[in-house]
Amino acid sequence: MKTKTIKALSLLGAGAVALSTIAISTIWADDSEITEYGLKVNALEIEKKAQTADGEVMIPLRAVFENLGYTVEWNQDEKSVSLEKGDTKIVLAIDKESYTFDESELDFDVAPYLFEDTTYASVDIITDAVGGRISIDGEIMSIIVLKNVTVNLIEDGSLTVTDTEIGEVVLHVWEETQIVRDNLPAALGDIKEGDVINVLYSPAMTMSLPPQTTALIIELEPSASDDGVELQTVELTGTIESADEDDSVLLNSDGTTYRLIISDETNIHHAKNKMRYTAADLEEGMTVSAIVSSAMTRSIPAQCAAYEIVISE
């Protein structure tokens, strides 16, 4: 086995992101170079590793989806895999670049393949079909899929919520819990009983009834304006004219220049591999798509908060 040094994103604390240089093990199989990453699924480290092939991040399907609560079945005759959870069904096949997600057909950039009797598929299946996110912390790649829960009780810094899969759970909120709304920092005081929120909590639970655990990430419902209408966003696509390593970029979209204000919560990633990036990775000449607030300053150039920036080239 050989190693090579690559650049990857490292999560600091509950939500901050920084660029680091790490050593990742690299192997060669069938004359193809494969880079491997340790793998966590919703904070639980698993034995199987993620890997890259042709520049695409690939994940071991059974290990990942069983840890997400899916039933995984292999069809030897068709060389296909079925992933089911509740009303959701995903079916994909070896060497086929399209797959079905419920009634929709989606595409992979790299077709699934078998490696050491394990089916690997593009991490796009997590981001596109499951609605999850990907990040790298040191030599570990993390897959995060938040759960949708209802808040029943708020008491003494804890939330009692209803999880549709396991029932009632007590979530303890501590200083490292990341609480966000509209991709911006929020607080426990912003949560109300009856709210529907998205959460990631520690897999380690007490044996009590209801079980208790620690909240790692809490995403609140989008903000609403005074008249109850959700805040509006717009999508801008264009080329970066200049980039400030700290907090903004100038984006030329259809001949108009905008200054995009970037915060620690701005989701910056590449369209191909979905890995998280930072403002320091954005460079002049890059082609990007950005989801920004429709509330813009009247200055020239107009300024607006960037919620998501997707790098395409």
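User: Where is the place of Pro210 in this structure?

Analyst: Pro210 sits in the loop between β20 and β21. Strands here are DSSP runs of E with at least two residues, numbered from the N terminus. This is a predicted model, in which local features need pLDDT of at least 70 and side-chain atom pairs count only at pLDDT 80 or more, whereas totals for chains, interfaces and linings use all residues. Residues are numbered from 1 along each chain as its sequence is written, and side-chain values use heavy atoms, with hydrogens and water left out.

User: What kind of peptide bond joins Leu209 and Pro210?

Analyst: The Leu209-Pro210 bond is cis, with omega at about -5 degrees. For background, most peptide bonds are trans, and most residues other than glycine have a negative phi.

User: Which strands pair with β21, and what makes two strands count as paired?

Analyst: The rule is that DSSP must find at least two bridges between two strands. β17 (residues 167-172) runs parallel to β21 (residues 212-219) and is joined to it by three bridges; Val170 stands opposite Gln212 there. β18 (residues 178-181) also pairs with β21 in the parallel sense, over three bridges. β20 (residues 196-201) runs antiparallel to β21, with four bridges.

User: What makes Asp117 count as exposed or buried?

Analyst: Relative accessible area decides that: under 20% is buried, over 50% exposed, and in between partly exposed (1.4 Å probe, protein chains only). Asp117 has 81%, so Asp117 is exposed. This residue lies in the loop between β11 (113-115) and β12, and its phi is near 65 degrees, a positive value in a residue other than glycine.

User: And what about Asp254?

Analyst: At a relative accessible area of 77%, Asp254 is therefore exposed. Asp254 is placed in the loop between β23 (248-253) and β24 (256-261), and its phi is positive, about 55 degrees, although it is not a glycine.

User: How do you know how well covered β5 is?

Analyst: Five of the five residues of β5 (residues 56-60) are buried, and the strand is mostly covered. Glu56, Met58 and Pro60 lie on one side, Val57 and Ile59 on the other, and both faces are covered. β4 (residues 44-53) runs antiparallel to β5, joined by three bridges, with Gln51 opposite Met58. The two strands form a hairpin with two residues between them, and Asp54 in the turn has a positive phi of about 55 degrees. β12 (residues 118-122) pairs antiparallel with β5 too, over three bridges, and Ser122 is the bridge partner of Met58 in β12.

User: Why is the pair of Phe115 and Tyr120 given its name?

Analyst: Rings of Phe, Tyr and Trp (its six-membered ring) pair if their centres lie within 6.5 Å; planes under 30 degrees apart count as stacked, over 60 as edge-to-face and the rest as tilted. Four aromatic pairs turn up in the whole structure. Tyr113 and Tyr120 are one of them, at 5.8 Å between centres and 20 degrees between planes, and count as stacked. Phe115 and Tyr120 have centres 6.2 Å apart and planes at 70 degrees, so this pair is edge-to-face. Tyr113, Phe115 and Tyr120 make up one aromatic cluster.

User: What makes a nonpolar core, and which residues touch the most other members of the largest one?

Analyst: A core is a set of buried Ala, Val, Leu, Ile, Met, Phe, Trp, Tyr and Cys residues joined through side-chain atoms within 4.5 Å. The largest has 32 residues, and Val64, Phe65, Leu83, Ile90, Ile125 and Ile126 touch the most other members. Another core, of 19 residues, lies apart from it and includes Leu236 and Ala306.

User: How do you know which parts of the model are predicted with confidence?

Analyst: The guide is pLDDT, the predictor's confidence in each residue, from 0 to 100. The protein averages 82, with 84% of the residues at 70 or more. Among the elements, β6 has the highest mean (96) and β1 (residues 2-12) the lowest (29). Where pLDDT is low, the predicted coordinates should not be read in detail.
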